[in-house]
Amino acid sequence: MEKPIIGKCSDQHWFAILISFLLCFIFLCFDYSAFLGPNNGVASLVNKQANSLVIMKNKTKNLVSQNPSRDNTKEMKSNSDSCSGRYIYIHNLPSRFNYDLLKNCLSLTRGTDSNMCKYMVNLGLGPEIKDPDGVLSNKSWFSTNQFLLEVIFHNRMKKYECLTNDSSLASAIFVPFYAGLDVSLVLWNSNIKVRDSSGLDLVQWLVKKPQWKKMWGRDHFLVAGRISWDFRRQFGNESYWGSNFRFLPESYNMSMLSVESSAWKNDFAIPYPTNFHPSKDTEIYQWQSKIRGKTRKHLFTFAGAPRPELENSIRAKVIDQCRASSACKFIDCSSSGGNNCENPVNILRVFQSSVFCLQPPGDSYTRRSIFDSILSGCIPVFFHPGTAYSQYQWFLPKNRTKYSVYIPVRNVKEWDVNVEKVLLGISKEEESAMREEVIRLIPKIIYSDPRSKLESSEDAFDIAVKSVLERVEKVRNVIREGGDPSVGFADPDHYKYTFSDNYS
């Protein structure tokens with residue numbers, strides 16, 4: 001009679017218990033969060049903030065933290081690679097460089113006596129425009145202040161689909177310094193140390209961060225709602241305008257996007273914010289369809305004020321010609337003009353009924369009116385290459401004749417061109433083709449509502465970010481090939497604003 005194999009059965013019994021225990025442990029540790037849907041907390045947070053300007057600092061951290069961590073980002077790259085080469089890291093700056101400026105909106109002005117607090121709503125888009133006459137369409141129109149572009153851009157960046165918390169994975173570093181708002185507090189201060197202090201403090205903060213050493217700042221970029229000349233005071237004399245921020249050695253290594261670029265190659269122009277901030281692609285299509293069907297009773301229009309204090313300004317002659325022509329509509333935006341140019345409805349109503357919109361330089365080369373005219377399907381007429389052609393190269397066609405008319409003014413005193421005669425010489429076929437190109441440009445020159453996302457249209461934000469990433473990648477390639485990344489990165493372009501053959 002065989003003896004029972006007691007030891008063997010006992011071993012099998014304990015082995016089965018051990019396996020069961022391990023299976024139970026794995027089951028209990030399984031993460032069910034994936035089944036709950038992504039970013040539920042974020043959606044709730046954004047809804048609560050729908051009518052405010054800024055998601056405050058702690059909430060910004062929460063939003064950014066919903067984006068991939070280092071491990072998750074690597075997994076995403078291996079699975080889809082959709083963000084490869086597109087990851088961006090946002091510096092968490094001390095609040096004095098951004099949020100504190102918004103809290104003190106009573107101190108911020110538009111260059112007039114009124115403060116900017118009323119423009120702070122709707123994430124910096126401003127209050128919704130009341131339009132009882134139906135000049136505009138849908139509810140995507142806001143009284144937007146151009147100086148808040150840096151805030152609008154920052155709020156768009158918070159929703160960028162390829163943010164990362166791991167800066168080592170980032171292709172570019174965004175610096176959310178509200179440079180324009182900051183400098184507006186001190187531009188008229190006679191003490192240049194006061195004007196220069198914030199910029200100096202910022203770069204001293206940046207260079208201490210590990211992200212700086214990766215490319216010594218050449219992958220860093222920032223946005224300003226003012227012209228870049230406000231940050232390029234070359235001399236240490238109080239009589240010269242602006243701060244010296246862009247001439248600091250560290251700032252030389254960064255790229256700045258602003259409404260008007262300077263002659264240096266590390267400054268880039270992006271469109272002024274218009275009043276149109278669609279939340280859906282269909283709102284863009286509806287608007288394009290609406291302005292295509294407009295009857296345009298004015299051959300040409302000019303909206304603006306004279307600049308008698310500017311000796312070389314062409315505005316006076318443009319205004320004189322407009323006033324003398326029955327084919328031109330002049331909107332006098334001077335304080336004595338009697339027109340409320342602050343209300344965009346008054347401007348856009350006339351632009352929609354005009355074939356051509358005159359865009360002479362004003363206090364600087366560029367004007368927000370350029371983009372109001374494009375938005376209205378009104379063909380812009382330029383008098384200087386620095387107004388658009390050498391500025392918004394990421395956004396406008398290289399062939400200027402496709403969307404605009406160019407009447408160069410090399411010498412104001414000698415200039416005697418009849419604008420009406422030039423415009424009448426353009427055939428109806430050419431006019432129609434130019435207007436269609438202008439209407440096609442609309443998505444590229446607007447900033448969509450930061451609280452939503454366009455599905456198929458690329459707006460000015462999308463184009464700007466893509467262009468920055470391409471610029472940084474070119475610098476990275478120079479480094480890989482053993483070249484000097486500083487060569488050509490921030491050099492001055494002495495021919496940028498000259499009347500070259502490209503514009504004649």
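Which residues have the most contacts inside the largest nonpolar core? The points below start there.

1. **Basis.** This is a predicted model, in which local features need pLDDT of at least 70, side-chain atom pairs count only at pLDDT 80 or more, and totals for chains, interfaces and linings use all residues. Residues are numbered from 1 along each chain as its sequence is written, and side-chain values use heavy atoms, with hydrogens and water left out.

2. **Main core.** Ile88, Phe153, Met157 and Phe356 have the most contacts inside the largest nonpolar core, which has 91 residues. A nonpolar core is a set of buried Ala, Val, Leu, Ile, Met, Phe, Trp, Tyr and Cys residues joined through side-chain atoms within 4.5 Å. Buried means under 20% relative accessible area, with a 1.4 Å probe and protein chains only. Helix H17 (residues 460-480) gives the most to this core: nine residues. Another core lies apart from it, with 19 residues, including Leu93 and Met254.

3. **Whole chain.** The chain has 17 helices and 10 strands. Both are DSSP runs numbered from the N terminus: helices are H or I with at least four residues, strands E with at least two. Of the 504 residues, 53% count as buried. Among contacts (heavy atoms within 4.5 Å) with a separation of 6 or more, 74% join residues 24 or more positions apart.

4. **Helix H6.** H6 (residues 149-158) has 10 of its 10 residues buried, so it is largely enclosed by the rest of the structure. The buried residues include the charged Glu150, Arg156 and Lys158. Phe153 touches Phe174, Phe221 and Tyr447, among others.

5. **H6 against H17.** Their axes come within 11 Å and cross at roughly 75°. Axes are lines fitted to C-alpha atoms, for helices over the stretch in contact, and angles run from 0 to 180 degrees between N-to-C directions. H6 and H17 are therefore roughly perpendicular, a label for 65 to 115 degrees. Phe153, Arg156 and Met157 of H6 meet Phe461, Asp462, Ala464 and Val465 of H17. By class, that contact has five nonpolar, no polar and two charged residues.

6. **H11 against H16.** The axes of H11 (residues 281-292) and H16 (residues 428-441) come within 10 Å and cross at roughly 160°. The two helices are therefore roughly antiparallel, the label for angles over 145 degrees. Gln288, Ile291 and Arg292 of H11 make the contact with Glu436, Ile439 and Arg440 of H16. By class, this contact has two nonpolar, one polar and three charged residues.

Note on methods:
Buried < 20%, exposed > 50% of the residue type's maximum accessible area, 1.4 Å probe, protein only. Parallel < 35°, antiparallel > 145°, perpendicular 65-115°, else oblique. Lists of a residue's contacts leave out its neighbours within four places in sequence.
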